[in-house]
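Hello,

Here is the structure for you to look over.

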Amino acid sequence: MSTLPPCPQCNGAFTYEDGGGYVCPECGHEWQAQAFAADEAKVYRDAAGNVLQDGDTVTVIKDLKLKGGGGTVKMGTKVKNIRLVDSDHDIDCKIDGFGAMSLKTEFVKKV
């Protein structure tokens with residue numbers, strides 16, 4: 001079975017590599033290999049290397065000071081029903097007592 005991606009234009013299975021890109025012999029469409037890699041789903045991992053998914057529950061592994069003098073999210077705080085996003089902070093969530101905020105996956109551990 002071929003590990004090459006199907007054509008994004010006609011979904012043809014007979015793609016082949018040409019230089020640094022791919023070509024579809026059925027419709028003649030050409031695209032770059034980097035474009036295919038960017039379309040793959042990003043895998044989010046916590047500080048321990050566990051794969052995170054939307055709706056997971058995580059705990060904060062270190063005290064996090066909030067910008068603007070909003071206080072500190074203490075180590076061990078449980079965060080339920082996370083939502084993974086593709087931005088500078090990977091997790092959007094609501095923390096009781098603090099409200100909506102964004103966290104980085106490197107500061108949480110899956111429960």
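This is a predicted model: local features need pLDDT of at least 70, side-chain atom pairs count only at pLDDT 80 or more; totals for chains, interfaces and linings use all residues.

Residues are numbered from 1 along each chain as its sequence is written, and side-chain values use heavy atoms, with hydrogens and water left out.

The largest pocket holds about 280 Å³ of space. A pocket here is an open set of points on a 1 Å grid over the protein atoms alone, where a 1.4 Å probe fits, with protein on both sides within 12 Å along at least five of seven lines. Its volume is the space filled by probe spheres set on the points, which are joined across faces, edges and corners. Lining residues have an atom within 4 Å of a point. Here they are Leu64, Lys65, Leu66, Lys67, His89, Met101, Ser102, Leu103, Lys104 and Phe107. Strands S7 (64-65) and S12 (99-103) are the elements that give two or more residues to this lining. S12 supplies the largest share, three residues. Strands are DSSP runs (E, at least two residues), numbered from the N terminus. By type, the lining has five nonpolar residues, two polar and three charged. Nonpolar covers Ala, Val, Leu, Ile, Met, Phe, Trp, Tyr, Cys and Pro; charged covers Asp, Glu, Lys and Arg; the others, Gly among them, are polar.

Next, the loop between strand S10 (83-84) and strand S11 (91-95). Serine 87 is found there. Serine 87 is partly exposed, at 40% relative accessible area (buried is under 20%, exposed over 50%, partly exposed in between; 1.4 Å probe, protein chains only). Its side chain reaches the backbone oxygen of histidine 89 at 2.8 Å. Serine 87 and lysine 104 are 17 residues apart in sequence and 9.7 Å apart in space, C-alpha to C-alpha.

Aspartate 90 is in the loop between S10 and S11 too. Aspartate 90 counts as buried, at 11% relative accessibility. A polar contact of 3.2 Å joins its side chain to that of threonine 105 (N or O atoms within 3.5 Å; within protein, one able to donate a hydrogen and the other to accept it; residues adjacent in sequence count only if both atoms are side-chain atoms).

Last, the rings. There is one aromatic pair (Phe, Tyr or Trp rings, the six-membered one for Trp, with centres within 6.5 Å; planes under 30 degrees apart are stacked, over 60 edge-to-face, the rest tilted). Tyrosine 22 and tryptophan 31 have ring centres 5.7 Å apart and planes at 40°, so the pair is tilted.

Best wishes

Notes:
Helices (H or I, at least four residues) and strands (E, at least two) are DSSP runs, numbered from the N terminus.
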